[in-house]
Amino acid sequence: MYSKSIQNLIEAFRKLPSVGHRTAERFVFHLLKSGKKQVGEITLALKELIDNVKSCETCWDFSDNNPCAICNNKTRDASTLCVVSDPQDIPVIEKTNAFNGLYHVLRGLVEPGEEDLDRLKIKELFARLENNKITEVILALNPDLPGETTMLFLEKKIKEKNPSIKATRLARGLPMGSDLQYADEITLGSAIKNRTSK
Ligand SMILES: [Zn+2]
């Protein structure tokens, strides 16, 4: 049995995605062996993360400013909203230079059969659709089962609540089951440009 402090940190690391017990153990003993400097750097970085990063309460990306730089940028096209599941999707789409509208981060996807959707920023999305001059919503979600479930759900809801808004999807070309975050710029850029509505 390890000391309580070691055990606690192993448990803390295990809460991170894809980290099992073995990996958590490896992290802890690596830190113990590497000494105070590395632990200090990580501690400082974590403190800065908590102190400085906030949610943009418009698009729900994480940013040092609220509203974030994109929401605050008056040269962006406020009539087109690109819906993504995670904040990490935004830099990937920005890199394609194929989109100059605004974003909305759902912070996850609807799981098939899921009823309680309050963990996602869906209410916030529809509040934006009510109060703005948005004419198109691009559903840029992963081409997998949760992505598909979420797109069907949002398309239906937009049709009911905001029938004048066009809901579009990325053109086919991204392999089924793949992750947007790993798509290459050219493929993703052309999937955005050639987006389709149902
Ligand atoms: Zn924002």
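The exercises below concern the overall build of a protein chain and the setting of its helix α4.

The model is predicted: local features need pLDDT of at least 70, side-chain atom pairs count only at pLDDT 80 or more, and totals for chains, interfaces and linings use all residues. Residues are numbered from 1 along each chain as its sequence is written.

**Exercise 1.** Determine how many helices and strands the protein chain has, and in which order they run.

*Solution.* Helices (H or I, at least four residues) and strands (E, at least two) are DSSP runs, numbered from the N terminus. The count gives seven helices and seven strands. Read from the N terminus on, the order is α-α-α-β-β-β-α-β-α-β-α-β-α-β. The C-alpha trace spans about 60 × 35 × 35 Å along its principal axes.

**Exercise 2.** State which residues the UniProt annotation "domain: Toprim" covers, and describe that stretch.

*Solution.* According to the unreviewed UniProt entry, the annotation covers residues 79-175. UniProt positions are given in the numbering used here, feature names are shortened, and annotations may be inferred rather than shown by experiment. Over residues 79-175 the chain is 36% helix and 20% strand, and the end C-alpha atoms of this stretch are 29 Å apart.

**Exercise 3.** Identify the buried and the exposed residues of helix α4, and explain how the buried ones are arranged.

*Solution.* A residue is buried if 20 or more other C-beta atoms lie within 10 Å of its own, exposed if 12 or fewer, and partly exposed in between, with C-beta atoms placed from the backbone. In α4 (residues 89-96), D89, I90 and I93 are buried. Seen down the axis of α4, these buried residues fall within an arc of 95° (taken from the directions from the helix axis to the C-beta atoms), so they line one face of the helix. P91 and K95, on the other side of α4, are exposed. Among the elements covering the buried residues are β3 (77-84), β4 (101-105) and α7 (185-193). After α4 comes N97, whose phi is positive, near 60°.

**Exercise 4.** Describe how α4 and α7 are placed relative to each other, and which residues make their contact.

*Solution.* Axes are lines fitted to C-alpha atoms, for helices over the stretch in contact, and angles run from 0 to 180 degrees between N-to-C directions. The axes of α4 and α7 come within 8 Å and cross at roughly 85°. The two helices are therefore roughly perpendicular (65 to 115 degrees) to each other. The contact (C-beta atoms, placed from the backbone, within 7 Å) is made by V92, I93, K95 and T96 of α4 and by E185, L188, G189 and I192 of α7.

Methods. Contact = placed C-beta atoms within 7 Å. Parallel < 35°, antiparallel > 145°, perpendicular 65-115°, else oblique.
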